[in-house]
Amino acid sequence: MKIHILTLFPNMFAGPFDESIIKRARERGLVSISIYNLRHYTQDKHHVVDDYPYGGGRGMVLKPEPLFEAVESIRGDARIPVILLTPQGRLFSQQVAQELARYDEMILICGHYEGVDERVREHLVDDEISIGDYVLSGGEIAAMVVVDAVARQLPGVLGAEGAAGEDSHALGLLEYPQYTRPQLFRGWAVPEVLLSGNHAHIAKWRRQQSILRTLRRRPDLLERAELSPEEKGFLEEIKKGNQAR
Ligand code: 6GU
């Protein structure tokens, strides 16, 4: 997959894509990430990218020309989806990450200031994404979040770390508790079942822990989770127990 990122702050991207899983994916040619400085797509002497809002009000608005110039120079005649990162976008999730992972190529625009000229939304952008209900100083960190979550979905990106299909949220449940050595740390023991060597017992315990944890922390997720009849029974039992207490 080819990802193009348009930003006023290209230096912000030094680092996150140069470590760990994304670094390896880039080195192996599974994903390519190109960063473009919007200021390079201005035509005026002072490389102005923003201006005052018509009608007055606070803040500055990103001008349409550099954004159109940049997108058109990247895509030429090709049809590449253009996604604006903005707190007004649809909420990003594991499902949206899976959806974007199906593209061969995409262009991400990092919004800034009080926003972008509405004509960019209407005539250039195909999709708008927000990573959560809070306001960031710009779309850059959101773009990094989207790129990381999408790249993990691409075939071959996760090696020894396992498959993205097993990631928490992909299954609609939170991850079960993990332990490593030592078996006893400051008097706190690792649950006996994990030492048993009985893989069926371990798998069942982990599923139950995932269900418990999801019920306690994110009951909203349980509605989408696929549970076996036995697991539904388990869930009903703990719900009953909770009511009794
Ligand atoms: Cl995509 N941009 C900004 N500026 N703030 C955000 C966001 C995006 N998603 C959540 N908050």
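Biologist: Which residues is Asp127 in contact with, leaving aside neighbours within four places in sequence?
Modeller: Val82, Ile83, Leu84, Arg90 and Leu100. Contact means heavy atoms within 4.5 Å. Bear in mind that this is a predicted model, where local features need pLDDT of at least 70 and side-chain atom pairs pLDDT 80 or more, while totals for chains, interfaces and linings use all residues. Residues are numbered from 1 along each chain as its sequence is written, and side-chain values use heavy atoms, with hydrogens and water left out.

Biologist: Where is Asp127, and is it buried or exposed?
Modeller: Asp127 is in strand 7, residues 127-130. Helices (H or I, at least four residues) and strands (E, at least two) are DSSP runs, numbered from the N terminus. Asp127 has a relative accessible area of 14%, so it counts as buried. The cut-offs are under 20% for buried, over 50% for exposed and partly exposed in between, with a 1.4 Å probe and protein chains only.

Biologist: Now the largest nonpolar core. Which members touch the most others?
Modeller: Ile5, Phe92, Leu100, Leu108 and Val150, out of 34 residues. A nonpolar core here is a set of buried Ala, Val, Leu, Ile, Met, Phe, Trp, Tyr and Cys residues joined through side-chain atoms within 4.5 Å.

Biologist: Which elements give two or more residues to this core?
Modeller: Strands 1 (2-7), 5 (82-91) and 6 (105-110), plus helices 1 (20-27), 3 (94-100) and 5 (140-151). Helix 5 gives the most, with 8 residues.

Biologist: And what does Leu108 touch?
Modeller: Beyond four places in sequence, Leu108 touches Ile3, His4, Ile5, Leu6, Ile83, Leu85, Ala143 and Val147. There is also a second, separate core of 20 residues, among them Ala70, Val71, Val120 and Leu124.

Biologist: Change of topic. What surrounds the ligand?
Modeller: Leu85, Thr86, Pro87, Ile129, Ser130, Ile131, Gly132, Tyr134, Leu136, Gly138, Gly139 and Ala142.

Biologist: Which backbone atoms lie by a ligand nitrogen?
Modeller: A backbone N or O of Ile131 is 2.9 Å from a ligand nitrogen, one of Tyr134 is at 2.6 Å, and a polar backbone atom of Leu136 is at 3.0 Å. A polar contact is a pair of N or O atoms within 3.5 Å; within protein, one must be able to donate a hydrogen and the other to accept it, and residues adjacent in sequence count only if both atoms are side-chain atoms.

Biologist: How much of the ligand's accessible area does the protein cover?
Modeller: 97% of the 290 Å² that the ligand has on its own. Areas come from the Shrake-Rupley method with a 1.4 Å probe, and for residues only the protein chains shown count as cover.

Biologist: How is the chain divided into domains?
Modeller: Domain 1 is 2-151 and domain 2 is 184-244, with bounds from an automatic or database assignment. Their centres, taken over C-alpha atoms, are 40 Å apart.

Biologist: What about Ser196; where is it?
Modeller: In the loop between strand 9 (188-189) and helix 6 (199-217). The side chain of Ser196 reaches the backbone nitrogen of Asn198 at 3.1 Å. At 43% relative accessibility, Ser196 is partly exposed.

Biologist: Last one: which peptide bond is cis?
Modeller: Arg181 to Pro182, with omega near 5 degrees. Pro182 lies in the loop between helix 5 and strand 8 (184-185).

Definitions and conventions: Near = heavy atom within 4 Å.
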